[in-house]
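Please read them with the structure open.

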Amino acid sequence: MDVVLRDEIYKQAIKWVLEAGESIRDKMNDPLDIETKSNANDLVTKLDKETEQFFVEKIKGTFTGHSIIGEEGYGDDLKNLDGTVWIIDPIDGTMNFVHQKRNFAISVGIYQDGIGEIGIIYDVMENILYHAKKGEGAFKDDKRLSPLNEKSTINEAIIGMNHFWLCENRLIDEKVMQQFVKDIRGTRTYGSAALEFAYTAEGIVDGYISMNLSPWDIAAGMILVKEVGGVTTDINGGELDMLNKSSILTCNISIQHRILAYMQKGRK
Ligand code: 2AM
Ligand code: CA
C-alpha cells in the first residue's frame, strides 16, 4: 500500500475510533436493547450496531472502493480480500460491556490484498489506544512497544485463555490441556480477544489461545503482535484465513513451538 495513502487512512481511522469510543462512553448508560445471537450468551446491543454503522458510513463516504467486514453485518459480504478491506469489531467483549461496563475494545484491522497494514485496538474505558502500521512498530498511545523478550521455557509464561476448551468447542484432549495449564505460570481470562492480543503485544501476557474466533476478533491484534516479533496461527500452527472462523494461538515466537507441541499431543 502506498505509504502516503496509508498514513491518511491511519490518521482517519484513529480519529473515527476515538470518536466512536467517546460516543459509546456517552451513551452506555442509556437502555442497551440487549439481544442474543448464536446462543444465549452471545450478546449484541444497540451500541454494537450503531458503532458499526458509524464506521460503515464514514468509510463508504470517505474511501470509495474500500470494503468492510463487520461483526454485526453492516459491511460487505466478501468472498475474497482483494483491495483495501476494513475488518471491524465495533465492541469486542460485549459481555464485559453489558455486565461490567469495562474491559471492552473497538478493533479495526485494515488489510491490503490480504496483508495486514494497520491495526488499531482501543480500550474504551481506560482510554488506551494500541496501534500499529506494518513495518513501523506497535504503540500503546505514544509509547513504542518493545520487541518481545526471548523465553526459553513456558514455565514462566502467562497465557490468556478462556473456558471454551472445556466446553462445546473442545478441540484438544482435556488431560493435555490440564497438563498445559499446570506447566505454565498462570492463565488469565479478560473476555475480549482484541485486548488479549494487545496485552500479548505489550508483553504483559505471553500468549493467548482461543478455540473459535472470527476475523474481526483478531484482524487488528495480529498486526500489533507481528510488529513486536510475535506470531499468530491456528492451534495446529497453520496460517489463518481472514474470511472464516478459526482456533487461534497468538504468542511470543520463542514459545510457539512449545505450546503447539501440547496442542499436537492433545489433538482429537
Ligand atoms: P465479542 O465480545 O465481540 O462477541 C470472549 O472470550 C471473546 O471471544 C470476545 O472477544 C468475544 O467477542 C469472542 N467471541 C467470539 N465468539 C463468541 C461467542 N459465540 N460467545 C462468546 N464470545 C465469543
Ligand atoms: Ca468480537
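This is a predicted model: local features need pLDDT of at least 70, side-chain atom pairs count only at pLDDT 80 or more; totals for chains, interfaces and linings use all residues.

1. Domain 1 brings 38 residues to the contact and domain 2 brings 22.

2. Buried area. Between domain 1 and domain 2 about 2200 Å² is buried. Carbon and sulfur atoms account for 66% of that area.

3. Polar and charged links across the interface. Eleven residue pairs are in polar contact between domain 1 and domain 2, counting pairs with both residues at pLDDT 80 or more. One salt bridge crosses the interface of domain 1 and domain 2. E202 and K140 form a salt bridge, in which the closest N and O atoms are 2.8 Å apart.

4. The domain 1 side. Which strands each supply at least two residues of the side of domain 1 that touches domain 2? They are strand 3 (67-70), strand 4 (84-92), strand 5 (105-112), strand 6 (115-123), strand 7 (128-133) and strand 8 (138-140). Strand 6 gives the largest share of this side, seven residues. Sorted by class, the side of domain 1 that touches domain 2 consists of 16 nonpolar, twelve polar and ten charged residues.

5. Calcium site. The calcium ion (ligand 2) has D89, D92 and D217 as its coordinating residues, each through OD, at 2.0 to 2.2 Å. The spacing of these donor residues in sequence is D-x2-D-x124-D. D89 belongs to strand 4 and D217 to helix 6 (residues 215-227); this pair links distant parts of the chain, 128 residues apart.

6. E71. This residue sits in the loop between strand 3 and strand 4. Leaving aside residues up to four places away in sequence, E71 touches K37, E52, I88, D89, P90, I91 and W216. One of these, D89, is also a ligand of the calcium ion (ligand 2). E71 and L260 are 189 residues apart along the chain, and their C-alpha atoms are separated by 28 Å.

7. Salt bridges overall. How many salt bridges does the structure hold? The total is 14. E50 and K27 make a salt bridge through their side chains, at 3.1 Å from N to O. E50 is in helix 2 (residues 46-62) and K27 in helix 1 (residues 3-27), so the pair ties together parts that are 23 residues apart in sequence.

8. F54. Helix 2 also holds F54. Beyond residues up to four places away in sequence, F54 touches W16, E19 and A20. F54 and W16 are 38 residues apart along the chain, with 8.6 Å between their C-alpha atoms.

How values were computed
Residues are numbered from 1 along each chain as its sequence is written. Chains are lettered from A and ligands numbered from 1 in the order in which they are written. Side-chain values use heavy atoms; hydrogens and water are left out. Contact means heavy atoms within 4.5 Å. Buried area is the accessible area (1.4 Å probe) that two parts lose on being put together, summed over both. A salt bridge is a side-chain nitrogen of Lys or Arg within 4 Å of a carboxyl oxygen of Asp or Glu. A polar contact is a pair of N or O atoms within 3.5 Å; within protein, one must be able to donate a hydrogen and the other to accept it, and residues adjacent in sequence count only if both atoms are side-chain atoms. Helices (H or I, at least four residues) and strands (E, at least two) are DSSP runs, numbered from the N terminus. Ala, Val, Leu, Ile, Met, Phe, Trp, Tyr, Cys and Pro count as nonpolar, Asp, Glu, Lys and Arg as charged, and the others, Gly among them, as polar. Donors are N, O and S atoms within 2.8 Å of the metal (3.2 Å for Na, K and Ca); water is not among the atoms, so sites may look incomplete.
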